Amino acid sequence: MDTMRYKVYTQTNFRKMPQMAMLTEEQKFDIEVVASVLPFKSNNYVTDNLIDWGNVPDDPMFRLTFPQREMLKEEHYNEIADALRSGKNKMEIKEIANRIRMSLNPHPAGQKCNIPELDGEDLKGIQHKYRETALFFPSNGQTCHAYCTFCFRWPQFVGVNEWKFAMKETDLLLEYLRNNPQITDVLFTGGDPMIMKASALEVYINGLLEANLPNLKTIRIGSKALGFWPYKFLTDKDADETLRLFEKVVKSGVNLSFMAHFSHPVELSTPAVQEAIVKIRNTGAQIRTQSPLLRHINDDDDTWAEMWRAQVDNNCIPYYMFVERDTGAQEYFSVPLVDAWKIFQKAYQQVSGICRTVRGPSMSSTPGKVHILGVQDIPLNGKSEKVFVLQFIQGRNPDWVCKPFFAKYDENATWLSDLKPALGQKEFFYERELSEILDEEPELVRAE
Ligand SMILES: *Cc1c(COP(=O)(O)O)cnc(C)c1O
């Protein structure tokens, strides 16, 4: 495998990319406008190997990584475009951009309610929503190799400090894990933890292993690196050190699950990614895969079936299909829940049981991960009512999990907040308890 030199493209230098000769001035200006609000970053592996420039702007990987005009509301687009055209300075544009960002629901699904306390202090680098799993945001892993335009972590990348959930000290994490023996999984997330040098990741991992916590069963690493920069495991200077670190986790008896984000089958198609997967699997780590269902990118069943098959062919385990979250450019990407279910069903029907480890479509919402099981007509008083059948895969209260519940059918609904209880019920079964957990008025709870 040839060494690949890493070239980053952002809002400030993207016009220098050789492929930009294929775009019109207007398309380039649109990128600049939208990138002033939503973060934009790509690299030469993505632009040279994953994007079919002959198919731009429709190419799914182009739409996934390059800002698109329709991602901003018309009025927001015009405001930034006018500011750029009239030569406003960086500070002025930033101020406008921050105001627009605040209107884009930067912290969906009550993320701010997931921040735990230790001795009365907020632990800003940890989120603990589900009993068994704590999310850890290592402070030097809060960026990515390339930004997906849909990413709900976008506030982490726009340089507004109070919005970053980051923490330097592993000590606090360890103390939290000791105090909470119900936690079996620590999920390193970000950003992307694989952006860290192996030496930095090692500090955290060593801390966890040396603490010898009896409750720690699994370390998960949520990462887009296989899709966007597989050389991290092949020819980067710290590639071997990274793989040896993975081996060390596995040898210590802790399960290492690499949670790989793949949004399109093309991300699994290069020799580099396939070789990187082999290297990771050879350390004894498992690779599980997840992605949201995104309009313009992967909103058809054949794409998903092909992707799950390619994952299994490469020894990865399909894990989640998510519904696009209610944040950022949600309107651009969202697919009605009923269509999401139909795409899932048709894709699932095409593949064998080995690929059917995947669950979805699932909404990571305030009460938990809500799984859309399907649409059904329920007989009621001699008539029938069309409903969504739902259940929790994960819940803020573990007792909610695996109990089917019903919402009125709504062909336009794209998120849990659009759904109303069905079959004469006034509220969803979990809502009263959720409002107690969150210490909020019951009317507010359904808002997310
Ligand atoms: C999805 C998720 C997890 C992990 O849930 P699993 O079902 O165990 O994969 C943990 N915390 C949060 C906040 C999540 O959204």
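## Aromatic rings and charges: worked exercises

The charged end of arginine 359 sits over the ring of tyrosine 319, 4.8 Å from its centre, where "over" requires NZ of Lys or CZ of Arg within 6 Å of the ring centre and within 35 degrees of the ring normal. The model is predicted, with local features needing pLDDT of at least 70 and side-chain atom pairs pLDDT 80 or more, while totals for chains, interfaces and linings use all residues. Residues are numbered from 1 along each chain as its sequence is written, and side-chain values use heavy atoms, without hydrogens and water.

**Exercise 1.** Classify the ring pair of phenylalanine 233 and phenylalanine 258.

*Solution.* Rings of Phe, Tyr and Trp (its six-membered ring) pair if their centres lie within 6.5 Å, and planes under 30 degrees apart count as stacked, over 60 as edge-to-face and the rest as tilted. This rule gives 31 aromatic pairs. For phenylalanine 233 and phenylalanine 258 the centres are 5.7 Å apart and the planes stand at 80°, so the pair is edge-to-face. Both residues, phenylalanine 233 and phenylalanine 258, are buried (under 20% relative accessible area, with exposed over 50% and partly exposed in between, for a 1.4 Å probe and protein chains only).
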